[in-house]
Amino acid sequence: MATFLYKLGRLAFRRRHFVALIWVALLTIAGVSAASAPAAGTTSFSIPGTEAQKAFDLLEQRFPGASADGATGRMVFKAPDGQKMTDPANKATVAKTVKQLGDGSEVVSVTDPFTTGAVSKDGTVAYTSVKYTLPGMELTDSTKDALEKAGDQARATGLTVDVGGDALQAQSEPGAIGEAVGIAIAAVVLVITLGSLVAAGLPLLTAIIGVGIAGATIASLANALDLGDSTSTLALMIGLAVGIDYALFIVSRYRGELADGRDREEAAGRATGTAGSAVVFAGLTVVIALAGLAVVNVPMLTKMGLAASGTVVVAVLIALTLIPALLGYAGRKVQPTGRKNGGQSRTNTSEANDQVEPSGSGSGRAEPVAPNMGTRWARFVIRRPVAVLMLSVLGLGAIALPVTQLELGLPDDGSQPTSTTQRRAYDLLSEGFGPGFNGPLIAVYDARGTADPQAGVDKLAERIKSLKDVVTVAPAQFNKAGDTATITVIPDSKPSSTQTEDLVHAIRGQSADVKAETGATVLVTGTTAMNIDFSQKLNDALIPYLGLVVGLAFLLLILVFRSILVPLKAALGFLLSVLAALGAVVAVFQWGWLSGLLGVEETGPIMSMVPIFMVGVVFGLAMDYEVFLVTRMREAYVHGESPSNAVVTGFKHSARVVVAAAIIMMAVFGGFISSSESMIKLFGFGLAIAVFFDAFVVRMAIVPAVLALLGKRAWWLPKWLDRVLPNVDVEGEGLRALDDDNRPKDEDRELVQV
């Protein structure tokens, strides 16, 4: 591996014009494809194998003209103080609005609140429901404009009018200001770490090119593959973070090789062969974790994972090829200010302390320099491993305690910012009719083959009315064939509450008795039921997914480190960091701690996909730091240093860069906290805090403490397994045989043969 990447790095350095042209061409092609691709259509939400999905599919078959997947708009009216919606003037305004809404070509039906009883008991609030032929994402702009215009005209008469439902998708502000701040912080950290504007600019430039290619590719495929906005946003978030980090590690190693006295081309090859090997395996762990989301069998989650993993693959390829090419253009400007005229001299600077120590080949030994912060910290941990380990584990354990109170659900209009009309409509409905009106349940009565469908559905309605937490049971609506009916049930609790979840299970619990008495089948669907089934499916998939991802990555890390205990320690450390991160998420987004500071306007159950998605992403990122930090320790140990000295050497060369990488990743993820989209805000915070725990507590404290306690046992591998495993040479041992004065001459041809 190291030898192949060494040759690839030297080839990219020499043929930098060709390599740069290829990446510019790829960026151009991706951009043109995205610009010419059709706009993204509907983002379907399906959960194969769940009862809610089966009921939804049945409705599409038995009610073919009802547009079961069509969007729904709900316009809510509130009378001014001292008035009622039944007052003649207000009633006339509503009638005019209903007529105006029914004129649209994509409208299936519009309800009149005064004939359907959609007026609150005190008469101050009323609502009309608009059913459309198409899903919300496929509605034309003219249809959405007509809905907004009707609301504006009704509002002009003095009524309070707001619109909910999925006909008007809440416009998500991507948090561009926060993202810009995150990138700016990353730039400052890079400049401080590398001491050169040119060196700092390379990781930023290549990361932006990488996410540009990946983002444009996702946009060009969005319509064909039914990709939503969240897919591209999360891919951008992850791709930008890992893209900067991967480039940073190679640039940093290149500067160290220059300081060892190697020429620029040789330094680029060595950096790509050593740090590049770590980048490959770190990227593989991220790809495994993200692509593994496919085992959950939720199409939306699968697409998000595959899109993000594709972005990581692009980041790895750019780090291995474009970075060496750009280093060829940069010359010695990548070195800190004041040290651009040569690589032989050694000064007592922080950069020298971190990067310029010889790694075993190249120039002769330099004069000893003062230990840097990484060295001093590693020595401190080695002297007190038990205390550091206990303090770190107990601290993360305490932060993880809120996980025991974790409640899962999916966001609805109630989680939107109060500035949106969707949230105001949600609040008006809750005020006038109760919170359950925002999450009606649909009981589907499949009476095909039964003797008396009407009598059977009447019995079912009576059963549902007798259940706890039921406010209203609407009369059953049969299809034209008379073999299928729907019953709308209004709960007493809001959609995301545990009481509503219990009601869904209670209605489903009637199915066996109804089947025995009438032969009919009862299914429960609706947005609320779909969300409940989604949460349950994710819960059921979490353990198998965790086993798959951790198992595959464990095998990969055994291959990298040629050790059993080091990968085991890495996996256990990850569990600590992800549980602590989830605990922090519960404290902020469910309990409301620091919610005002982070702009969390509505607390409640945590989004169902958060635990499983954070497990995937955080595991991949955690293994990044593990690979980058511990491979340098492994390299020192393989080259003859004692286990304790190897830990110190690993920290001396890698701690500064790992810390910088973690700060950069936290800044990038933290930038998304400013998004108005609750899912993006939550993921941004969760991933940022997870990186903090993993990089600064697990990798910087627990890892050296455990390795100090294990000593040589940390690198133990059964002899039979050592013989079976291929030698991937992540440490660059094969490069020691290469002499700078006797390099292969025809590396282009040899590269193809590797």
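Reader: What makes Arg423 and Asp427 a salt bridge?

Author: In this predicted model, the closest N and O atoms of Arg423 and Asp427 are 3.1 Å apart. The cut-off is 4 Å between a side-chain nitrogen of Lys or Arg and a carboxyl oxygen of Asp or Glu, so the pair counts as a salt bridge.

Reader: Why are Arg423 and Asp427 about one helical turn apart?

Author: They are separated by about one turn because they stand four residues apart in helix 15. An α-helix has 3.6 residues a turn, so residues three or four places apart point the same way.

Reader: How do you know whether Arg423 is buried or exposed?

Author: Its relative accessible area is 8%. Buried means under 20%, so Arg423 is buried. Asp427 has 33%, which lies between the 20% and 50% limits, so Asp427 is called partly exposed.

Reader: What makes the contact of Arg62 with Asp446 a salt bridge, and which parts does the pair tie together?

Author: The N to O distance is 2.8 Å, within the 4 Å limit, so the pair qualifies. Arg62 belongs to helix 3 and Asp446 to strand 6, so the pair ties together parts 384 residues apart in sequence.

Reader: Why are Arg62 and Asp446 called buried?

Author: Arg62 has a relative accessible area of 12% and Asp446 has 17%. Both values are under 20%, so both residues count as buried.

How values were computed: Residues are numbered from 1 along each chain as its sequence is written. This is a predicted model: local features need pLDDT of at least 70, side-chain atom pairs count only at pLDDT 80 or more; totals for chains, interfaces and linings use all residues. Side-chain values use heavy atoms; hydrogens and water are left out. Helices (H or I, at least four residues) and strands (E, at least two) are DSSP runs, numbered from the N terminus. Buried means under 20% relative accessible area, exposed over 50%, partly exposed in between (1.4 Å probe, protein chains only).
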